[in-house]
Amino acid sequence: MTADLRLYLVTDPGTDGLDDVVAAAVAGGVTCVQVRDKHATTQALADRAGALRTLLPPGVAVIVDDDVEAARSADGLHVGADDVAPSVARAALGPGAVIGWSINHLDQLGDDTQLAACDYVAVSPVWATATKPDASAPFGLPGVRAVADRLAGRLPLVAIGGIDRDRAADVIRAGAGGVAVVSAICAAPDPRAAAEHLRRVVDAALGET
Ligand code: TZP
Ligand code: MG
């Protein structure tokens, strides 16, 4: 499938009533959902992904973080520096899987083999965030611009890390095609309203570019 990456929700496993929060966020305008839980077993990740796949509309991609086997129950897999390479994920999951790759350094974009195996690249993190304290050095907006320039439209670019409603437009203007968030939705008092607001901001900024 081709994933719509404009407003990408990465789930926080500590969220109360997570499935309800995800459903509300999708009703508010989230276009893609990632199941992320560093402490879950493969079976638990697969079960959650399968449950969300049943719950959500078919156009909303359900992506599993890190775990190739669990991703077989989802629409795709997201990998980063500590995971299998995108090319390995592609070989395992086949041409129909959505594969995303987090980069934490511009030089990684010189690896054509990995780029050819991906459906999107995530620039990670844009800003430092308490949600991922072990993230590498932040790119900032100039870094997002540099990544977007270097990618030159070869693949969609998603921005992640410290993004909220006040910062979303700036990362789109810097060249991202979508924003990925955890706390801006999972920690919001009203996740649906938070998603609606973010989606309006993202769509308006995309309309300017
Ligand atoms: N990868 C890079 S930053 C991050 C991940 C999973 C966490 C983003 O969380 P938040 O709350 O949107 O800053
Ligand atoms: Mg990972």
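This is a predicted model: local features need pLDDT of at least 70, side-chain atom pairs count only at pLDDT 80 or more; totals for chains, interfaces and linings use all residues.
Modeller: Residues are numbered from 1 along each chain as its sequence is written, while chains are lettered from A and ligands numbered from 1 in the order in which they are written.

Biologist: How many helices and strands are in the protein chain?

Modeller: The protein chain has 9 helices and 8 strands. Both are DSSP runs numbered from the N terminus (helices H or I, at least four residues; strands E, at least two).

Biologist: What makes the protein chain as compact as a globular protein of that length?

Modeller: Its radius of gyration is 15 Å, close to the 17 Å from the globule rule for 209 residues, so the chain is as compact as a globular protein of that length. The radius is taken over C-alpha atoms, and the rule is 2.2 Å times the number of residues to the power 0.38. The C-alpha trace spans about 40 × 40 × 30 Å along its principal axes.

Biologist: Why is α1 called oblique to α2?

Modeller: Helix α1 (residues 18-28) packs on helix α2 (residues 42-55) at an angle of about 40 degrees, with the axes 11 Å apart. That makes α1 oblique to α2, because angles under 35 degrees count as roughly parallel, over 145 as roughly antiparallel, 65 to 115 as roughly perpendicular and the rest as oblique. Axes are lines fitted to C-alpha atoms, for helices over the stretch in contact, and angles run from 0 to 180 degrees between N-to-C directions.

Biologist: Which residues of α1 and α2 meet?

Modeller: Asp-19, Val-22 and Ala-23 of α1 meet Ala-51, Leu-52 and Leu-55 of α2 (contact: C-beta atoms, placed from the backbone, within 7 Å). The contact residues divide into 5 nonpolar, no polar and 1 charged. Ala, Val, Leu, Ile, Met, Phe, Trp, Tyr, Cys and Pro count as nonpolar, Asp, Glu, Lys and Arg as charged, and the others, Gly among them, as polar.

Biologist: At what angle do α1 and α9 pack?

Modeller: α1 and helix α9 (residues 191-208) pack at about 35 degrees, with their axes 7 Å apart. Their contact residues divide into 7 nonpolar, 1 polar and 3 charged.

Biologist: Which peptide bond is cis?

Modeller: The bond from Ser-124 to Pro-125 is cis, with omega near -10 degrees. Pro-125 lies in the loop between β6 (120-123) and α6 (140-151).

Conventions: Two residues are in contact if their C-beta atoms, placed from the backbone, lie within 7 Å.
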